[in-house]
Amino acid sequence: MINSLLLQAASGGNQYTSLIMIGGMIAIFYFFFIRPQQKKQKDQKKFIEAIKKGDQVVTMGGIHGKVVSVENDTVTLDVDRGNKLVIEKSSVSLEASKRVSGQK
C-alpha cells in the first residue's frame, strides 16, 4: 500500500518536471530564435520606409546604387553614370546597405 502511494507521487512529480522542461524549451526558442527574427523584420521594415533620394543602398542581389527616386513600392537606383534600375523596395537589404555606408 505504501509502495503504491510512493509510486503515484513519484509519477506525478515526473509529469510536472516534464511540463517545466517543455515550458523552458519554449521560452528558450522564443528568446533565441523568434524574438530576434521579429526585431530584425521590424528594423528592415523601418529601413525600407525611411529610404529617401540620395541614399546609397545595396539590393539583396548585391547591386549597389544611389537612390534617384522613391515611388510607392519601387525605388529607382542610379547604378553607373546614368544607368538606372527600377526595383521593389522590399529587395533592398538593410545589413548590406549599413555595411556600405559604415553604420552599425
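F31 has its place in helix α1 (residues 2-49); helices (H or I, at least four residues) and strands (E, at least two) are DSSP runs, numbered from the N terminus. The model is predicted, so local features need pLDDT of at least 70 and side-chain atom pairs count only at pLDDT 80 or more, while totals for chains, interfaces and linings use all residues. Residues are numbered from 1 along each chain as its sequence is written, and side-chain values use heavy atoms, with hydrogens and water left out.

**Helix α1**

F31 counts as partly exposed because its relative accessibility is 48%; buried means under 20% relative accessible area, exposed over 50%, and partly exposed in between (1.4 Å probe, protein chains only). F31 belongs to a nonpolar surface patch of about 880 Å², together with M25, I28, F29, Y30, F32, F33 and I34. Patches are made of residues with over 30% relative accessible area and no salt bridge, with like charges joined within 9 Å and nonpolar side chains (Val, Leu, Ile, Met, Phe, Trp, Tyr) within 5 Å. The accessible areas come from the Shrake-Rupley method with a 1.4 Å probe, and for residues only the protein chains shown count as cover.

Helix α1 also holds K39 and D43, which are four residues apart, about one turn of the helix. Their side chains meet in a salt bridge (3.3 Å, N to O), defined as a side-chain nitrogen of Lys or Arg within 4 Å of a carboxyl oxygen of Asp or Glu. K39 counts as exposed because its relative accessibility is 52%, whereas D43, at 28%, counts as partly exposed. The count of salt bridges by this rule is two; K52 and D55 also meet through their side chains in a salt bridge (3.3 Å, N to O).

**Strands and hairpins**

Two strands pair if DSSP finds at least two bridges between them.

| Pair | Bridges | Residues standing opposite |
|---|---|---|
| β1 (residues 56-58) and β2 (residues 64-70) | three bridges | Q56 and K66 |
| β2 and β3 | four bridges | V70 and V75 |
| β3 (residues 74-80) and β4 (residues 83-88) | six bridges | D80 and N83 |

The hairpin of β1 and β2 has five residues between the strands, and G62 in its turn has a positive phi of about 95°. Three residues join β2 to β3 in a further hairpin. In the hairpin of β3 and β4, two residues lie between the strands. R81, in the loop between β3 and β4, has a positive phi of about 45° although it is not a glycine. R81 counts as exposed because its relative accessibility is 79%.

E88 lies in strand β4 and counts as partly exposed, at 44% relative accessibility. Leaving out residues up to four places away in sequence, E88 touches D73 and T74, where contact means heavy atoms within 4.5 Å. The C-alpha atoms of E88 and N72 are separated by 9.3 Å, with the two residues 16 apart along the chain.

**Nonpolar core**

Which residues make up the largest nonpolar core? The nine are F47, I51, V57, V67, V75, L77, I87, V92 and L94. A nonpolar core is a set of buried Ala, Val, Leu, Ile, Met, Phe, Trp, Tyr and Cys residues joined through side-chain atoms within 4.5 Å. Within this set, V75 is the residue of β3 that stands opposite V70. Apart from its neighbours within four places in sequence, I51 is in contact with V67, V70 and V92.
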